[in-house]
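Subject: Structure for you to look at

Hello,

Here is the structure I promised to pass on. Please open it first, then read my notes beside it.

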Amino acid sequence: MVLHKFGEKLYSGLVGTMTLHLQEMAKTIEAAQGNLFLEELNRKWNDHNKALQMIRDILMYMDRTFIPSNRKTPVHELGLNLWRDNVIHSSKIQTRLLDTLLELIQKERTGEIINRGLMRNIIKMLMDLGSSVYQEDFEKHFLEVSADFYRAESQDFIECCDCGDYLKKAERRLNEEIERVSLYLDSKSETKITNVVEKEMIASHMLRLVHMDNSGLVNMLIDDKYEDLGRMYNLFRRVPNGLPTIRDVMTSHLRETGKQLVTDAEKLKDPVEFVQCLLNEKDKYDKIINLAFSNDKTFQNALNSSFEYFINLNPRSPEFISLFVDEKLRKGLKGVSEEDVETILDKVMMLFRYLQEKDVFEKYYKQHLAKRLLSGKTVSDDAERSLIVKLKTECGYQFTSKLEGMFTDMKTSQDTMQGFYAAYAAELGDSPTLVVQVLTTGSWPTQPSITCNLPAEMSALCEKFRSYYLGTHTGRRLSWQTNMGTADLKAIFGKGQKHELNVSTYQMCVLMLFNSADRLSYKEIEQATEIPSSDLRRCLQSLACVKGKNVLRKEPMSKDIGEEDAFFVNDKFTSKFYKVKIGTVVAQKESEPEKQETRQRVEEDRKPQIEAAIVRIMKSRRVLDHNNIIAEVTKQLQSRFLANPGEIKKRIESLIERDFLERDSSDRRLYRYLA
Amino acid sequence: MTITGTSEKAAYQALKASDWHLEGAFDAFYSQPQPKSYTDARRLEDLYNRYKDAYADMIMADGITLLCSDILVDHQDIVMLVLSWHMKAATMCEFSKQEFIGGLQSLGVDSIEKLREKIPFMRSELKDDQKFREIYNFAFGWAKEKGQKSLALDTAIGMWQLLFAEKHWPLVDHWCQFLQARHNKAISRDTWSQLLEFAKTVDPQLSNYDVDGAWPYLIDEFVEYLIENGIIQKGQLSDWTQKH
C-alpha cells in the first residue's frame, strides 16, 4: 500500500484498528476478578508484544520509508504508546494497577509470598513503556507509600525494641528492599528506596537510638558488642551526620570514663595498675574501632584526642607511666618473648605520645632508670635499649642522650673494674669484693652526695680504687654516693643460721658496727656512721621493724625510732631463704614533698628552654608582636611540654631586663631583638 | 614659659624676634629665660662651692639640705626631682659639679634668687604629658642604687606616691599595697616604665584592659589581685574573664 502512496491510509488504519483492539483488551482486563487482574494484564501484554512484532515485520517497509519521512511514530513505538494510552491509562485500569502492585508489595513486606515473576513482568512492562511511565505511574507512589509504611513501622519498633534489635530490623528491611529492587524493580530505584528506608528508619530516630537507656551506643561500647556496633556503623554511615553522631557520643563517653579513671583515688594508689587500666582501655577501643568501625580514621582521631584529654588531667600521669615501665623492666617482662616485649613497649609509647608534659616523664624516667641500673635490677638490657631507641625516634637525640650516657657509664665502669682487679689482684685477695660504678655527673639524676663513715675494710679498699682511677683519669673528681650503693653481707646468727644479706650501703655500715659491739644506741650508731638522721631512721626501721627481715632487734619494740632506742643483733632471726634482701633502693611513687620537689625542678628546667626558644625566634624574626611570640614559642616547645603564656611573659621580661630584647618605642606590644 | 608653658625653643625664637623685649614677646609669643650664654660662669662656680661637700668634689646630702632651705623647698618636694632631671643627675642625693652647673645653665639661672623664681616653672613642667613621661622614666635610674639593675621596692613605692600625686592615678594606693603584699622584690625598668603607660591608657575600672596586651606579668597579677579583692567588679572585665 505504501508503494502506492496509501501510506497515510495504512498508518491511520493501523492506529485506528489497534486502538479499537486495545480498548477491547482493556475491557477484558478490567473484567478480570481480584488476583487474576494482573495475570490477565500480563497475558494480554505478552499477546500484544507478539502481535506488535508481527505487525512491525509486516509493515517494515512503511516503518522505514513512510514513517520517517512523514515524521510519524514508528510502528513498535506506536504500539507501545497505544497500549499505554488505551490500557494502562484507561481510567479503570490505571488506579487499579497501581493499587494492586502496591498491595502486593505491602503483602510481601508483611511476610506473605507473592508472585515475583509476575511482578517483574508488569514492572518491566511499565519500564518498556517509558521511564516517565514507570516513574509517574508507579515509582513515585511506591516511594511515598513506602515512606509511610516505614515511618509507621519504625515508630512501632522504637517503642518496643532495644537498640540492637531495632538496628537488626532496620538492616533487614534495608536488605529486603535491595533484594526487591534486584528481583522486580528498575535498578535505578535502588538508591531511591534505600534513601527512604534510611531516612525513616535511621535518620529520624538516630539520636533516640544512640541514647537509648540500657541498650544504646554507650552500653554497646561498655559491653563490647562488636556486631551491634558494626551494624550501627554500617547503617549510620548511610545517613547524613550519622557517623559524626556516633563519634561524638563515643568521644564524650570516653572522655568521661577516662576522666573518672584518672581521678579515681583507689586506682591512683597503684601506679602500675593505673597504667594497666589505661592500656586496657586503649586496647578495648582499638578493638572496637577495628572490628566494628572498620578502622575508620576519624574514629581513631577521636580516640586519640580523648586519651590526650584525660591522660593530661592527672599531673602524675608522666610519673606513673615511668613507674609502669620501671616495673616491667625490673621484673614484669621476665620470660616474655621478644615480640611481646616489643608490643608492650610500643603500647607504652602510645601513651607517652599523649603526654603533654614529656619533660616530666623524662625526669622520672631518668631517676627510675638510674635505680634500675645501679641495683642491677633490669630484666633485659635489650628491652631497655629498645625503649630508648623508641624514645629517641619520638623525641629526638637530646631527649635520650643523657640516658644513653648512663648506659655507657655502666659499661665503662665494668671495664674499669676489670682493670682495677687486674692491677691489684695480688693485694686484694682477702678484701671484700668491690664493684664501683663511676657515674658522669651530667647524665645521672642529681643527688646531693652525703658521705658517711664506711667500715674500715671498705674505706681502705675505696681509697685504693680512688687512686687507681685518678691515676688513669687525672683532672677528674670522684665523690662517693653512699646513699645509692648496695652490699652483700654474709652473716652468722645466734644459732648458727647462715644467711647472705643484700642491703644498702647505709645498712651495711650499721650492721658492720655490730661486729665489734653487742649493743648500740641510736646515738652511737649515728655518731659512728654519720648517716643523715632521716635516712638513718629509715635504714634502722628496715633492719629492725620489718617482719621477715628483722636482722636487728630493737628496744623498745615500737615502730618508730627514738633517740634513746637500743639495738642488738637479732640472734633469733630466721628466714626460709638463704639470701635475704633488705635493700631499699626500689623506685616507688613519690611522697608529696618529693613530688613537689621534682615538679619544682621541672619548672626550673623549663625556664632556660623557654628563653632559648624566645631568643631563637627573635633572632630570626628581629621584630615580633606579643601574641605571635607566645604562639611561636608554645609551638616550638610543644613536643616537650605545654608552655604557660604567663611563664613565657616572665621570661620575655627577664630577657628585656638583660638587654636581649627591648620594647618598641611607639608600639608597646612589639618586641625587638637586640643583637 | 612659667606662665605660658611653651617649649624653650619657641620662646627663645619669640624673644629673639622681638629683640628681647619681654612685653613684645608676650604679646606675640611667649617669654623665655635667658639662654645659656647669659649665665655667669663665675657665679655658678661660687654657687657650687657653697654647696660642695667638705671631702669630695660633689654636692652631697648636707649640701642638698642647704640648697633646699635656700630655695625654700622641702627636700622631699617633687620639684627636686625635676631639678635633678634638668641636671641629668645620675643618682639621687648627690650632684656632681658638672651636673649642678650644667643643670643650672640649662635652666638659665646663676643665683639662688633666680633658681627660686624658676620653681613655679619647674612645677608646671610636670603638667606637660611628654615631660612628665621623661621625668617619670628618668626617676627610675635616678632613684635606684648605683650598680643595681632594679629599683628597691620601698624606694619605688615612695617615688610612685610622689609622682602620682602630680598626675593623679586612682589605683596608685592599691598598686603599692599589692606590691607589698604579693611581690616584695625590686622593680625592673620595664615594669616601671610600663606602669605609666598602664596608668595612662587603661581606665581605673579596667574596662579596656586587654589580657593579651603585652603588659608586664606584675601588672597582670595586679589586675588579678584587684578582682580577687573585689576592688574591681568582675562584670566589667567580661573580655578578660573569658580569655582567662
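Start with one pairing in chain A. Strand 7 of chain A and strand 9 (residues 670-673) of chain A run antiparallel and share three bridges. To find the place, look for D625(A): its bridge partner in strand 9 of chain A is L670(A). Keep in mind throughout that this is a predicted model.

**The 7-9-8 sheet**

That pairing belongs to an open sheet of three strands in chain A. The order is 7-9-8, and the pairing is antiparallel. Which strands are at the edges? They are strand 7 (623-625) and strand 8 (661-663) of chain A, and each of them pairs on one side only. On average, neighbouring strands of this sheet are turned by 30° against each other, direction ignored.

A helix packs on this sheet. It is helix 29 (residues 645-657) of chain A, and it touches strand 8 and strand 9 of chain A. The direction of helix 29 makes about 100° with that of strand 8 of chain A.

R622(A) sits in the loop between helix 27 (592-621) and strand 7 of chain A. Check its backbone: phi of R622(A) is near 70°, a positive value in a residue other than glycine.

**Where chain A meets chain B**

Next, show both chains. In this contact, 14 residues of chain A touch 17 residues of chain B. The size of an interface is often given as the accessible area lost when the parts come together. Here chain A and chain B bury about 1,300 Å² between them. Of that area, 42% is on carbon and sulfur atoms. In chain A, the residues that lose the most area to chain B are K649(A), E657(A) and R668(A). Together they make up 46% of what that side buries.

What holds polar partners across the interface? The rule finds four salt bridges between chain A and chain B. One salt bridge joins the side chains of K149(B) and D659(A), at 3.9 Å from N to O. The rule also finds 12 residue pairs in polar contact across the interface of chain A and chain B, both residues at pLDDT 80 or more.

Which elements of chain A give two or more residues to the side that touches chain B? They are helix 28 (626-637) and helix 29 of chain A. The largest share of that side, six residues, comes from helix 29 of chain A. By class, the side of chain A that touches chain B has two nonpolar, three polar and nine charged residues.

**A second sheet, 3-5-4**

Chain A has another open sheet of three strands, in the order 3-5-4, with antiparallel pairing. Strand 3 and strand 4 of chain A stand at the edges with a single partner strand each, so one side of each has no neighbour in the sheet. Neighbouring strands of this sheet are turned by 30° against each other on average, direction ignored. Helix 25 (residues 522-529) of chain A packs on the sheet and touches strand 3 and strand 5 of chain A. Its direction makes about 85° with that of strand 3 of chain A.

Look at the pairings one by one. Strand 3 (residues 519-521) and strand 5 (residues 566-569) of chain A run antiparallel and are joined by three bridges. There, S521(A) has A566(A) as its bridge partner in strand 5 of chain A. Strand 4 (residues 552-555) of chain A pairs with strand 5 of chain A over four bridges, again in the antiparallel sense. In that pairing, R553(A) stands opposite F568(A) in strand 5 of chain A.

One peptide bond deserves a look. E555(A) and P556(A) are joined by a cis peptide bond, with omega about -5°. P556(A) lies in the loop between strand 4 and strand 5 of chain A.

**Salt bridges overall**

Over all chains, the count by this rule comes to 74 salt bridges. Take one inside chain A as an example: the side chains of E30(A) and K92(A) meet at 3.9 Å, N to O. This pair links distant parts of the chain, 62 residues apart. E30(A) is in helix 1 (residues 7-31) of chain A, and K92(A) is in helix 6 (residues 91-109) of chain A.

Best wishes

Methods. Residues are numbered from 1 along each chain as its sequence is written. Chains are lettered from A and ligands numbered from 1 in the order in which they are written. Side-chain values use heavy atoms; hydrogens and water are left out. Two strands pair if DSSP finds at least two bridges between them. Axes are lines fitted to C-alpha atoms, for helices over the stretch in contact, and angles run from 0 to 180 degrees between N-to-C directions. Contact means heavy atoms within 4.5 Å. Buried area is the accessible area (1.4 Å probe) that two parts lose on being put together, summed over both. A polar contact is a pair of N or O atoms within 3.5 Å; within protein, one must be able to donate a hydrogen and the other to accept it, and residues adjacent in sequence count only if both atoms are side-chain atoms. Ala, Val, Leu, Ile, Met, Phe, Trp, Tyr, Cys and Pro count as nonpolar, Asp, Glu, Lys and Arg as charged, and the others, Gly among them, as polar.
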